[in-house]
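Open the model in your viewer and keep the selection tool at hand. The stops below go one by one.

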Amino acid sequence: PLENYISFSPWKINMSIGLQEFSWGTADGLNPTDNINPRDYTVGLKADKIPILSAKFSMYPVDFFSFDVVYVPFEQNDIFPIDITEKIPEEIFYDATLDMTMKKIPIVNPKNVNQTFLSFEPKNFIIGTKINFRVSKVDFSFSYLYDFDSYWTPNIELLRSQIGSFPLYFYRVKEIELVRNRVHRIGTDIKAVIDRFGLWAEFCYTLTDDYLMDSYKKRNHQISFITGFDFNYGPNDSFYFNLQYFGQVNLNY
């Protein structure tokens, strides 16, 4: 089924439960803070959102302030047109500098690669909140989402064997496990109208479970951003111009 939910709106409150789609952020087409719904990439890079089983509570007590709380009991996996494990190169190098033996060790054999998908268990929940403000012609918000990483982290398990009585070792791969770890997403966005110009900026800081970024086995934090503006021009404002700049920064990479 597509988006189907039950909604109840007493006073200045809205409550809903069911299969829902969420649209966080203010940028046009690409939103770094919009991470609640899983995506279907079988339709192309402009992936469709998949409605997710969720509960939402919204309150807007005054005109210039509102907030939302979203709870997802079971995170769902994105849908890809290919098996990711089949795209792993035939030879990958594991940096073993910390083992003080050799610089890099080739780890071959994709047959040892396992992909761990999230299951429908209560531990795989998602929860987030978004606070919205409006001052004059400026809208801005702050958001937090306790989420799962969109990308897979490889956990590599090696077997080490000593060469005779010498302090030399050789390695072979026991298993490579692809997992989605927990992340914290802290976001903010702002949108304003100045004369005929619409301006916006959106920012998301993704905090991984390697808080100090000192583990060579885990992913580092990431910053995603987008900024842009648009306006109409020409006779009867019949022409439209839109320009955006966006990107990602992987810290300590």
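**Stop one: an exposed loop residue**

Select Asp195: it counts as exposed because its relative accessibility is 71% (exposed is over 50% relative accessible area, buried under 20%, partly exposed in between; 1.4 Å probe, protein chains only). Asp195 sits in the loop between β14 (182–194) and β15 (197–207). Strands here are DSSP runs of E, at least two residues, numbered from the N terminus. Check the backbone too: phi of Asp195 is near 55°, a positive value in a residue other than glycine.

A word on the model: it is predicted, so local features need pLDDT of at least 70 and side-chain atom pairs count only at pLDDT 80 or more, while totals for chains, interfaces and linings use all residues. Residues are numbered from 1 along each chain as its sequence is written, and side-chain values use heavy atoms, with hydrogens and water left out.

**Stop two: another loop**

Go to Asp237, in the loop between β16 (222–233) and β17 (239–250). Asp237 is not a glycine, yet its phi is positive, about 55°. With 37% relative accessibility, Asp237 counts as partly exposed.

**Stop three: the core**

Which residues make up the largest nonpolar core? Select Phe22, Trp24, Ile36, Ile52, Val70, Val72, Leu118, Ile126, Leu145 and Phe148: these are its 10 residues. A nonpolar core is a set of buried Ala, Val, Leu, Ile, Met, Phe, Trp, Tyr and Cys residues joined through side-chain atoms within 4.5 Å. β6 (65–72) and β11 (138–148) each supply at least two residues of this core. Apart from it lies another core of five residues, including Val113, Trp152, Ile176 and Leu178.

Definitions and conventions: Helices (H or I, at least four residues) and strands (E, at least two) are DSSP runs, numbered from the N terminus.
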